[in-house]
Amino acid sequence: MACIEARGLRKAFGATVALDGIDLRVEEGRILGIVGPNGAGKTTALNAILGLTSYQGELRVLGRDPWNERDRLMCDVSFIADVAVLPRWARVSQLLDYISGVHPRFDRAKAESFLGRTSIHRASKVQELSKGMVAQLHLAIVMAIDARLLVLDEPTLGLDILFRKQFYDSLLNDYFDRSRTILVATHQVEEVEHVLTDLMFIDRGKIVFQSSMDEVESRYVEVMVRPEQIAAARALKPMYERQGIGGSVLLFDGADRKQLAAMGDVRAPSISDLFIAVIGNHAQAQGATR
Amino acid sequence: MNIQLNAAPEAVESSAVAPSVSAAPLPFYWSLRRELWENRSIYLAPLAVAGVVLFGFFATLRHLPATMRAASALDPMRRHELIEQPFDMAAGLIMVTFLIVAVFYCLDALHGERRDRSILFWKSLPVSDLTVVLSKATIPFLILPLFTVAVTVVTQLIMAAFGSAVLIANGQGIATTWSELSFFRMSLLLLYHIFTVHVLLEAPMYAWMLMVSSWARRATFIWAFVPPFAICVLEKMLFNTSHFALMLLDRLTGGMEALSAPGTMPMDPTTETTVAKFLTSPSLWIGLAITAAFLFAAVRLRRYRGPI
């Protein structure tokens, strides 16, 4: 069964279309990264999946309708929708008590053991913790919930690099197994790059790119073209061209690697380069149709 | 520390035997606990006022023997009033505190969690909007009134005990005091009064404020009080009548027509006719229906509402 299945998912806020008919299918056991510019509709899409916002179209998450069954869905789904949303007045011990009391799949011992690795005290109030510690606490809570789907929306925004690294490390090492699905939306693409199994770009409410990471690696190639080869390289119709420090960098979709290797240094593009290429082209195409 | 050391192996054991299985979830109970953790004024404010009342009473204790001597010379009606007066005042002050706490609690109940964005955390747990709204409504409808009655009764007992001690130390008898003060009757009256007037009759008011707190983006206080006030003013200007204002006033002071004696609040449960009349009055049930409608709206609104 697909973990998430959406058909024609649409959401408009007044005249602004946040989601413009999205079709999506996420299988179990994947880690999908959702990348998009500000206001592209990432958060709206995640909110629809979590039952936080109404929508038009069809959407099933773990076989349920999130808008009408949010409370039941949350037995199997956990999420961090933003940094620092834990109630500031609460003590750490109270949060653990509360979640143990309401969540059938929360393993308190597990949460305690994650917290044991941090310097967070049970008697501290959330408002006394640093931003990084609040994120650690939230992650400890979420990782102690035996959920089938975990949704993260900018979970590390505003945290320092050390915390961000730790965050994704523990997520991969202590939480992820092949039966769980993780959805993560972030701007800090380079951090999730090596974590993902699938990648999706959203722009202006539409999915403009969708692929597995394996496919990304085999299909896309970036070449730092030597100046004398530039005309020949351009003839192979690159997706995107940018100026690097040592010359032009051309990004190709499905070109012959041997042929490209003769023109310069070949390497795998980073997600951010791919993103700029795809979104840049999408923006141009949109401009042309107007 | 000992507790932790003892608890650790147990926890490991239980998680090894049955991973991720905890006791049956009790979302309503824990949602109530959450309200009491978050809003400590629910119990701190009545306690603080009770403390002030007791302090004031202790400060005047030295006048008590003289007052009692004067009281014995009065006719029974006046004597009863004089002896009961400090006890009624204590009950009144704690009651006013209850009303103030209830109003502020309701206006913030579904607004605070959106303001501090913690609604995103609460909504990530398997607790329905209905459970959350009902647990919040339980505070003014049950927890606060019961606690108010308990604090009042305990305060009055402390007052009576210390008063008696002072009288005995002065060589005066305490029989008059205890015969005039019927604690059981007084407490029962209080319980009856608070649940009829301040819970059942005023229920639509609390439900309205809960709904406003889940609807308004800001200034819940203004949104709660300006519309009713505006209706009163408009009615007066357009029709030169005050039906809406009178209805509100009626409800806030205890629904006169529902009671046997006009002009009295439902104070005395000892006459069965009063209770029967109160419980069968249409205005009570219309009010409760409106309460249910407001609460239902608050539940629906919470589903649509995110952080502000």
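A nonpolar core is a set of buried Ala, Val, Leu, Ile, Met, Phe, Trp, Tyr and Cys residues joined through C-beta atoms within 7 Å. A residue counts as buried if 20 or more other C-beta atoms lie within 10 Å of its own, as exposed if 12 or fewer do, and as partly exposed in between, with C-beta atoms placed from the backbone. Keep both in mind on this tour.

The model is predicted: local features need pLDDT of at least 70, side-chain atom pairs count only at pLDDT 80 or more, and totals for chains, interfaces and linings use all residues. Residues are numbered from 1 along each chain as its sequence is written, while chains are lettered from A and ligands numbered from 1 in the order in which they are written.

**Stop 1: the core**

Select Val77(A), Leu86(A), Ala140(A), Val151(A), Ala207(B), Met209(B) and Leu210(B). Of the 142 residues in the largest nonpolar core, these touch the most other members. Helices (H or I, at least four residues) and strands (E, at least two) are DSSP runs, numbered from the N terminus. The core also draws at least three residues from each of domain 1 (2–204) and domain 2 (215–289) of chain A. Those domain bounds come from an automatic or database domain assignment.

Zoom in on Leu210(B). Which residues is Leu210(B) in contact with, leaving aside its neighbours within four places in sequence? They are Cys106(B), Ala109(B), Leu110(B), Val133(B), Lys136(B), Ala137(B), Phe294(B), Leu295(B) and Ala298(B). Contact means that the C-beta atoms of two residues, placed from the backbone, lie within 7 Å.

**Stop 2: chain B as a whole**

Colour chain B by secondary structure. You will find 15 helices and zero strands. Buried residues make up 31% of its 308 residues. Take the contacts in chain B between residues at least 6 apart in sequence: 79% of them join residues at least 24 apart.

**Stop 3: where the chains meet**

Show both chains. 30 residues of chain A are in contact with 27 residues of chain B. On the chain A side, α2 (70–73), β5, α3 and α4 each give two or more residues. Pick out α3(A), which gives the most to this side, with six residues.

**Stop 4: a covered helix**

Select residues 131–143 of chain A. This is helix α5(A), and its 13 residues should span 18 Å at 1.5 Å a residue. (The expected span is 1.5 Å times one less than the number of residues.) The end C-alpha atoms are 18 Å apart, which agrees. Why is α5(A) called largely enclosed by the rest of the structure? Because ten of its 13 residues are buried. Ala140(A) from Stop 1 is one of these, and so are Val134(A) and His138(A). To see what covers them, show elements of chain A including β5 (77–80), α3 (92–102), α4 (108–116), β6 (149–153) and α6 (161–175).

**Stop 5: between the domains of chain A**

Colour domain 1 (2–204) and domain 2 (215–289) of chain A. Their centres, taken over C-alpha atoms, are separated by 33 Å. Eight residues of domain 1 are in contact with eight of domain 2. On the domain 1 side, α7 (189–192) and β8 (198–203) give two or more residues. The largest share, three residues, comes from β8(A).

Stay on β8(A). Six of its six residues are buried. Asp198(A), Met200(A) and Ile202(A) lie on one side, and Leu199(A), Phe201(A) and Asp203(A) on the other. Two strands pair if DSSP finds at least two bridges between them. Here Ile34(A) stands opposite Met200(A). The bridge partner of Asp198(A) in β9(A) is Ser212(A). The two strands form a hairpin with two residues between them, and Arg204(A) in the turn has a positive phi of about 45°.

**Stop 6**

Select β2, β1 and β4 of chain A. They make an open sheet of three strands in that order, with antiparallel pairing. β2 (16–27) and β4 (56–61) are the edge strands, each pairing on one side only. Five bridges join β1 (2–13) to β4(A), and Arg10(A) has Gln56(A) as its bridge partner.

Finish with another open sheet in chain A. Its four strands run in the order β11-β12-β10-β13, and the pairing is antiparallel. The edges are β11 (240–243) and β13 (264–267). Four bridges link β11(A) to β12 (248–253). Look for Tyr240(A), which stands opposite Leu251(A).
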